[in-house]
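Try each task before reading its solution.

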Amino acid sequence: MADKTKKANKKDSQLVIRINRKDRDRFIELCDEMDTSAAREIRRFIKGFLAEQEKPSK
């Protein structure tokens, strides 16, 4: 079952964004200070955003 979960979560796509260099550098710096990666934090944001938007409305 673990193999199926791994395949379902495989990262197979990229998202290219353009941001201000100063903002990017500060973001990377903060991620390093927090012992995380920029990619991990962006994925975490996207997952949270999707979960929030996909909640059934009341």
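**Exercise 1: The nonpolar patch**

In this predicted model, α3 supplies the largest share of the nonpolar patch, namely five residues.

Task: Find which residues form the nonpolar patch on the surface, and how much accessible area they have together.

Solution. Begin with the members: L15, I17, I19, F27, I42, F45, I46, F49 and L50. Together they have about 860 Å² of accessible area.

**Exercise 2: A patch member in another helix**

Task: Locate F27 and decide whether F27 is buried, partly exposed or exposed.

Solution. First, the location: F27 sits in helix α2, which spans residues 21-33. Then the accessibility: the relative value for F27 is 31%. Partly exposed lies between under 20% for buried and over 50% for exposed, so F27 counts as partly exposed at 31%.

**Exercise 3: From a loop to a charged patch**

Task: Describe the polar contact between T36 and R40, and work out the setting of each partner.

Solution. Start with T36, which belongs to the loop between α2 and α3. Its relative accessibility is 14%, so T36 counts as buried. The side chains of T36 and R40 are joined by a polar contact of 3.2 Å.

How values were computed. Residues numbered from 1 in each chain as written. Predicted model: local features only at pLDDT ≥ 70, side-chain atom pairs only at ≥ 80, totals over all residues. Heavy atoms only, no water. Buried < 20%, exposed > 50% of the residue type's maximum accessible area, 1.4 Å probe, protein only. Helix = DSSP H or I, 4+ residues; strand = E, 2+ residues; numbered from the N terminus. Polar contact = N/O pair within 3.5 Å; in protein donor to acceptor, adjacent residues only side chain to side chain. Patch = residues over 30% accessible without salt bridge, like charges linked within 9 Å, V, L, I, M, F, W, Y side chains within 5 Å. Areas by Shrake-Rupley, 256 points an atom, 1.4 Å probe, with all protein chains shown as cover. Salt bridge = Lys/Arg side-chain N within 4 Å of Asp/Glu carboxyl O.
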